Amino acid sequence: MGSNATDTARLTVAVTGPTGTFGFGLMPLLQADDRVSRVVGVARRPFDPAEHGWTKLDYRRGDVRDQDALVDAFQGADVVVHLAFLIIGGSRETTRAINVDGTLNAFRAAAAAGARRFVYASSVAAYGFHRDNPVGMTEDWPVRPADRLFYAQEKAELEHLLQAESAAHPDLALYLLRPPIVLGPHVVGAKELLPGPLAPLARRLQGRIGRLPVPVPAFIPDVPVQFIHEDDVGTALLQCVVAAGPPGAYNIAGDGVLSAVDVARELGIVPLPLPAGPTHAAARALSRLPLLPSAAEWVEAASHPAVMDTTRAKSRLGWTPRFTGLEALRDTLRR
Ligand SMILES: NC(=O)c1ccc[n+]([C@@H]2O[C@H](COP(=O)([O-])OP(=O)(O)OC[C@H]3O[C@@H](n4cnc5c(N)ncnc54)[C@H](OP(=O)(O)O)[C@@H]3O)[C@@H](O)[C@H]2O)c1
């Protein structure tokens, strides 16, 4: 089966981590798309696809640390979408085994099974929050490990490792998507990427409580931030699945850049803005503290604006986000 946009044969798609935020963005699209005949999903928890009407999905409980299980699950797959990841909560060893070894297992299993495309959810974090990162980064800007944030270090390392694997397997086309914080009705995972003190507030999104009942004043750093809606992540993944554009790395984000102050207002907080410069300096200083607990490493994400240019995904993949960043936030709070 070919790996270009004119490929009209019906696809078998294997997805690791179909039960997470990205999975809930992609699976309904695979279910609805006539170009896809069959979907195989692998994750650890018990899960019943029928409860969601995902009749194409053959769900198997499995672990990405088990390469043989992946080779078995990927048999006959034209495309592998790798979403399984541990974002927070594991030890360094477990996190690395799932994220780094698991991703390499998935790529190698996809190659062994004869898949033609491998689609991986990277992150804006792969750019590393460096002071010289331009605002409005294009894909030509290098990915470089962050100084402190383990998640971001893994994302940069994995992009380099996957590029090396890809060079050794030229028949397996590599698509890398770099989204910012993902919002939507199924948000779980990386909301700690929200700037500075908004991270704990974002946990409110997890419970989908919505706005505070009465406005609460708080000092908020004026940090720019991009969001993307889970549905728009789904459509970007789908464009890669069907090879709507050439392989490669693609930045994706909802249109518009919000400030943390904008986000605070949406949460029902009366923002007392702190200027961006001192905020970034404070985040950099904090992130350099020795013996920083791992959860606090996320403060580095506020040490420099991480704002991407998404022109390439629009022009080459034909991807159009339906939600602006603000609409994605509002859609999450509404539920
Ligand atoms: N959410 C965001 O804001 C965001 C932003 C940028 C990039 N990303 C990236 O997008 C990808 C998907 O993120 P997400 O938000 O969908 O994550 P998520 O909601 O935490 O879901 C993770 C998925 O991976 C599965 N999984 C975890 N460990 C596994 C293992 N050992 N073996 C098999 N499956 C495993 C989980 O199911 P089980 O627990 O049942 O195994 C779940 O289906 C990740 O690479 C993440 O870094 C996310």
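Modeller: Helices (H or I, at least four residues) and strands (E, at least two) are DSSP runs, numbered from the N terminus. Residue numbers start from 1 along each chain as its sequence is written. The model is predicted: local features need pLDDT of at least 70, side-chain atom pairs count only at pLDDT 80 or more, and totals for chains, interfaces and linings use all residues. On this basis the protein chain has ten helices and 13 strands.

Biologist: In which helix is Pro-278 placed, and is Pro-278 buried or exposed?

Modeller: A residue is buried if 20 or more other C-beta atoms, placed from the backbone, lie within 10 Å of its own, exposed if 12 or fewer, and partly exposed in between. Pro-278 belongs to helix α8 (residues 276–287). Because 11 other C-beta atoms lie within 10 Å, Pro-278 is exposed. The C-alpha atom of Pro-278 is separated by 9.8 Å from that of Asp-222, 56 residues apart along the chain. Over the 335 residues of the protein chain, 49% count as buried.

Biologist: How many residues of α6 are buried?

Modeller: Twelve of its twelve residues are buried, so α6 is mostly covered. Among them are Glu-230, Asp-231 and Asp-232, as well as Val-233 and Leu-237. Helix α6 (residues 230–241) reaches 16 Å from its first C-alpha to its last, close to the 16 Å expected at 1.5 Å a residue; the expected span is 1.5 Å times one less than the number of residues. After α6 comes Ala-243, with a positive phi near 55°.

Biologist: At what angle do the axes of α1 and α6 cross?

Modeller: Axes are lines fitted to C-alpha atoms, for helices over the stretch in contact, with angles from 0 to 180 degrees between N-to-C directions. Angles under 35 degrees count as roughly parallel, over 145 as roughly antiparallel, 65 to 115 as roughly perpendicular and the rest as oblique. The axes of helix α1 (residues 21–32) and α6 come within 8 Å and cross at roughly 60°; the two helices are therefore oblique to each other.

Biologist: Which residues of α3 meet α4?

Modeller: Contact requires C-beta atoms, placed from the backbone, within 7 Å. Arg-92, Asn-99, Val-100, Thr-103, Leu-104 and Phe-107 in α3 meet residues of α4 including Phe-150, Leu-158 and Glu-165. The axes of helix α3 (residues 92–112) and helix α4 (residues 150–168) come within 10 Å and cross at roughly 25°, and α3 and α4 are therefore roughly parallel.

Methods
Two residues are in contact if their C-beta atoms, placed from the backbone, lie within 7 Å.
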